[in-house]
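Here's a quick briefing for anyone meeting this structure for the first time. Have a look, then read on for the sheet, the helices and the cores.

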Number of protein chains: 2
Amino acid sequence: MSTDPLPRANIKDVAREAGVSPTTVSHALNARGQVDAETRARVERAALKLGYRPNRNAQRLRTGEAHMIVLLSSMPFAVAGGPSRLGFMMEVAAVAAAAALDRSLALVLAPPMETGRVPMELLDVDGALVIEPSAGDANLDYLLRRGLPVVTIGKPAEDPAGGAAMPPYVDIHSGQTTRLLLDHLHAQGARQVAMILGSAQRNSYLEGRAAYLDFANAHGQAPLLSLVDEVKGENGGREAALAMLAAEPGIDAFCVPVDAFATGAVAAIVESGRRIPDDVMVATRYDGVRARTSVPPLTAVDLHLEEVSQQAIALLFDHLRGDTATRRVDGPAAQLVPRLSSARRS
Amino acid sequence: MSTDPLPRANIKDVAREAGVSPTTVSHALNARGQVDAETRARVERAALKLGYRPNRNAQRLRTGEAHMIVLLSSMPFAVAGGPSRLGFMMEVAAVAAAAALDRSLALVLAPPMETGRVPMELLDVDGALVIEPSAGDANLDYLLRRGLPVVTIGKPAEDPAGGAAMPPYVDIHSGQTTRLLLDHLHAQGARQVAMILGSAQRNSYLEGRAAYLDFANAHGQAPLLSLVDEVKGENGGREAALAMLAAEPGIDAFCVPVDAFATGAVAAIVESGRRIPDDVMVATRYDGVRARTSVPPLTAVDLHLEEVSQQAIALLFDHLRGDTATRRVDGPAAQLVPRLSSARRS
């Protein structure tokens with residue numbers, strides 16, 4: 001949070017780099033006026049080197065064309081794709097796209113790519129919403145380097161390297177949400193609660209981990225925590241749960257915020273010959289298709305993503321208009337959605 | 001299908017209308033060169049009148065910027081929004097956005113708007129995917145008038161007025177899908193099968209209706225068909241089912257392809273004191289959150305939307321590149337997903 005984002009290169013920077021006048025830069029890049037091929041090539045190289053693009057904001061304001069914003073998930077395909085496809089990101093997308101259109105913003109969708117990273121440089125956007133970025137997220141870094149307005153859903157993880165300024169965000173209170181789930185499992189009678197989290201430097205994991213260690217300490221329980229690489233998806237959750245159950249057979253509940261990992265944990269519990277919830281309870285975070293269609297259905301939380309999405313678009317709209325005073329918006333508190341997976345043993 | 005779409009106004013048309021040279025039009029609209037205020041205003045009025053926009057395609061090809069396509073649902077908010085939000089359109093969107101990015105296309109999401117119609121004129125897109133358009137769909141008409149490449153998912157309804165050429169489409173075989181559901185209900189023992197469809201001029205309804213009338217005729221059953229305005233949403237389905245059950249108490253199954261209407265029909269059956277599936281079976285089309293989380297879960301079909309979405313993006317990509325030979329792509333056949341709502345009485 002110590003330095004400002006890199007200022008965006010302007011037409012004068014390109015002119016200086018190419019050794020020509022700003023008018024020549026404009027003509028060269030817009031195929032107008034008389035510019036010889038060699039000069040045009042030199043200008044194009046300079047523009048590419050400096051990451052210059054014409055001020056589309058001004059163009060769009062003049063033509064009445066919609067500003068373009070992009071919605072990005074920081075999660076890899078293994079946890080955000082597949083059966084989670086109808087999940088968190090798309091729920092945000094549906095509300096955010098409508099809220100954006102109401103403000104003459106066009107929302108471009110950049111879902112996790114099975115084939116690799118999002119080709120951000122092709123998307124000539126005016127701003128971005130990024131869902132729960134981890135530290136060093138390449139797309140977020142690209143956007144901040146370009147000096148584009150960015151809002152994140154969930155507090156951005158602080159980059160230990162401390163490169164760019166932290167973008168404004170909607171706080172979704174990941175620590176409180178984790179406590180809500182853990183306290184519920186305890187109230188239902190669980191006394192050996194294990195936790196599976198992602199290993200990425202993602203703020204929700206950091207807050208979740210701190211909440212779990214506090215919980216274990218408060219209840220005099222040894223922490224049973226496993227961190228799993230997100231790219232392993234369901235099977236990562238399954239393998240972690242199998243290993244934990246083998247090492248500590250007395251585990252009577254799993255708190256698994258990542259729903260793909262929770263699906264894997266459910267499989268592991270069943271494989272180990274245990275019953276849900278009678279032997280082991282399970283709770284996850286996002287109340288999506290995975291939680292609802294699990295057998296038995298999983299206790300989860302309502303994150304009020306409709307309100308979160310609307311807050312995020314409103315915040316991004318302010319920043320696009322140059323009103324950058326608000327750095328943090330207080331999102332709604334999550335509410336428990338208790339289901340059969342954590343029903344108290346009779 | 002008799003006439004070509006209106007040709008898009010070009011810079012020469014604007015120049016003629018404004019009584020200036022094409023170069024002056026270019027300078028006026030791009031704020032370049034010396035153009036006096038009065039001439040600029042005249043050019044802007046002419047451009048507005050003719051619906052002219054600069055050839056962004058050429059600009060984008062030159063700059064390497066992504067082409068923009070928009071995904072539109074033709075369904076009103078009452079059936080496509082709310083609990084259906086994670087539904088058909090968003091499932092298509094997730095796959096289509098990734099398939100589009102693989103081809104350097106940016107997918108803009110235009111979900112059904114609670115506050116009214118999509119402000120299409122603000123979205124400077126290069127092409128569009130439209131889901132199951134009804135006859136006279138305002139967004140589709142706008143796109144075709146602009147001469148933009150459009151692909152529809154599901155055969156477009158033929159406009160009785162026969163205005164524009166029919167866009168190319170991915171056939172999702174709505175007649176076959178309806179037959180699949182009806183034959184299943186019959187095989188499960190249903191002998192008085194009622195049907196609830198939307199009243200819009202949407203091809204899936206027209207094919208579904210024809211399939212139902214054939215089915216009723218083949219089984220010597222009087223048709224029990226109700227057409228409901230989509231804007232009525234769940235309650236439209238509920239009221240239709242209540243009225244049908246009152247008029248024909250012997251109904252032992254409902255085939256309700258629109259999932260929001262199916263949710264309403266389930267409520268009506270329970271309200272009437274009947275049990276599902278023992279007294280009345282229910283089947284719907286889209287296997288989404290509504291079908292899966294209904295009590296009991298609803299028999300539906302797997303439309304293979306992942307494959308459909310990829311076919312649609314590939315077809316649109318061909319048309320964007322000028323390869324317009326293919327007018328129809330054969331989508332995958334739907335597969336039955338039998339659930340408790342149509343389990344045979346023991």
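**Helices on the sheet**

Helix H13 (residues 305-320) of chain B lies across strands E1 (67-73), E2, E3, E4, E5 (169-171) and E11 of chain B, and runs at about 165° to E4(B). This is a predicted model, where local features need pLDDT of at least 70, side-chain atom pairs count only at pLDDT 80 or more, and totals for chains, interfaces and linings use all residues. Residues count from 1 along each chain as its sequence is written, chains are lettered from A in the order in which they are written, and side-chain values use heavy atoms, leaving out hydrogens and water.

- Over in chain A, helix H6 (residues 88-101) packs on the sheet too, touching E1, E2, E3 and E4 of chain A together with E2 of chain B. Contact here means heavy atoms within 4.5 Å.

**The sheet**

- The open sheet has 12 strands with mixed pairing, running from E11(A) through E2(A) and E2(B) to E11(B). Strands pair if DSSP finds at least two bridges between them.
- E11 (328-330) of chain A and E11 (328-330) of chain B are the edge strands, each pairing on one side only.
- From one strand to the next, the twist averages 25°.
- In chain B, E3 (residues 127-131) and E4 (residues 150-153) run parallel, joined by four bridges. B:Leu129 has B:Val151 as its bridge partner in E4(B).

**The cores**

- The largest nonpolar core has 148 residues. Such a core is a set of buried Ala, Val, Leu, Ile, Met, Phe, Trp, Tyr and Cys residues joined through side-chain atoms within 4.5 Å, with buried meaning under 20% relative accessible area (1.4 Å probe, protein chains only).
- A:Leu109 and B:Leu109 are among the residues with the most contacts inside that core.
- A second, separate core of 42 residues includes A:Tyr142 and B:Met120.

Definitions and conventions:
Buried < 20%, exposed > 50% of the residue type's maximum accessible area, 1.4 Å probe, protein only. Helix = DSSP H or I, 4+ residues; strand = E, 2+ residues; numbered from the N terminus. Axes fitted to C-alpha atoms, helices over the stretch in contact; angles between N-to-C directions.
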